[in-house]
Amino acid sequence: MSASVPRLVIAAPSSGSGKTTVATGLMAAFAARGLAVSPHKVGPDYIDPGYHALATGRVGRNLDAYLCGPELVGPLFQHGAQGCDIAVVEGVMGLYDGAAGEGELASTAHVAKLLRAPVVLVVDASSQSRSVAALVHGFASWDPEVRVGGVILNKVASDRHEELLREALEQAGVPVLGVLRRVPQVDTPSRHLGLVPVAERQAAAVEAVAAMAAQVSEGCDLDALARLARSAGALSGAAWDAAEAVSSPPPPLPFPSSRGSAPSTPPGGEAPRTPGRPERPRPQTPDGLVVAIAGGPAFTFSYAEHAELLTAAGADVVAFDPLRDEELPEGTRGLVIGGGFPEVYASELSANEPLRKAVAELAASGAPVAAECAGLLYLCRELDGLPMCGVLDASARMTERLTLGYRDAVAVGDSVLAAAGTRMRGHEFHRTAVEPGSGAEPAWGVRGPRPRVEGFVQRGVHASYLHTHWASEPGVARRFVERCRTS
């Protein structure tokens, strides 16, 4: 049973401490031992799970207590961990950093408690010696419900430095489970939104993961880490199941209330696909109802549960690459375009005129089209002056401003995704702007201190900057497939 899968949460005092190197390297090191490793990431990030998938050969899955609600963290973990020998969960930011203004909600500590999992604290020890004990003691004692079971020291300068750190930590009562020396940074190039996705790097990403695995294998006590993972508490409840979720959606989750409310009407009236070209299987559903999902290097941001929910709702989900494929998959009745980096590939996307026309024709026919963030930009008239699909009478451009954060939203009107009044939580993560920011029929009203509307709903199109996790509202997938069947 997945409830008894040994598990570890890899956390840190702050971002930049080395969580991704340790978590990804540990996943790969355990996999090299012949273990089936289940990879997970706390929070909404799409990029780290791509590296996790490369390290383990399994789909990298997110555990986000804000997007999905605390009640789904355990079931989604169990769903992903089924059949595995061990699970490694990479945290987000600092151990106790959660959604702004929401206390511990969605923090690594919160998820660790929900999973009843021991925490391994990765500490950047490059500029300290005895002070490391005070730091670790503080993190280990701050919340009695969070069990810090060990520490991995990163960026240790020498044998003498290691000796001083170990002596200090003996007083903190937290065992040292690994020591990583200062080495040239593993080649994981970054961009304005984080690491460069695996699908864009391929061979270089494989080399980076191998380097992380070697570093962790050499510097960490894998046997001790495995023993710690086996000390995780039992989880209650069943694993999440897409078919069950679609057929019997759960009642609304008791999210904490947010300040402010969304406008009810508009003002004035973003198993893993192998990096590279996705496969194009033939339709398998009895009526050939194909939902095409954009993939490839330009559109790498998607939660695995979305495709699983669409499949459970009766669709044959087929991936395609807008950079290479000049037509939509045969039998396409609906289209999902997630997030990614279309601005990096704007020239190639624009040059693929046959596919742009095919997307525009599908949208004009009234077929359901769901687009998030990068998908929104692709549907615009232009992106940085280059022609896009022209489905929306809007223009997109890169900016210097980073828009980042969780959002509490409500559907302004009926669409192919949601009935008016449907409440969902999502996140924004981009350095682009779309003008105008919403259509005559907006997609979402965003709640909070500064209520606003954003996105576009027109005929079968639902396009927005907001990334959502459909497991929190399975009716979204069911409604989308039903509209594909009747449009």
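The predictor's confidence in each residue is given as pLDDT, on a scale from 0 to 100. The structure is a predicted model, in which local features need pLDDT of at least 70 and side-chain atom pairs count only at 80 or more, while totals for chains, interfaces and linings use all residues. Residues are numbered from 1 along each chain as its sequence is written, and side-chain values use heavy atoms, without hydrogens or water.

Mean pLDDT of the chain is 89. A value of 70 or more is reached by 87% of the residues. Over residues 250-286, pLDDT stays under 50. For this stretch the model has 99 contacts (heavy atoms within 4.5 Å) beyond four places in sequence.

Strands (E, at least two residues) and helices (H or I, at least four) are DSSP runs, numbered from the N terminus. Two strands pair if DSSP finds at least two bridges between them. Seen this way, 7 strands form an open sheet with parallel pairing, in the order 3-2-4-1-5-6-7. Strand 3 (61-63) and strand 7 (176-181) each have a single partner strand, so one side of each lacks a neighbour in the sheet. Strand 2 (residues 37-42) runs parallel to strand 4 (residues 86-90), and 5 bridges join them. K41 has E90 of strand 4 as its bridge partner.

Helix 9 (residues 222-229) is mostly covered. D221 caps the N-terminal end of helix 9. One of its side-chain oxygens lies 3.3 Å from the backbone nitrogen of D223.

Note on methods:
Buried means under 20% relative accessible area, exposed over 50%, partly exposed in between (1.4 Å probe, protein chains only). A polar contact is a pair of N or O atoms within 3.5 Å; within protein, one must be able to donate a hydrogen and the other to accept it, and residues adjacent in sequence count only if both atoms are side-chain atoms.
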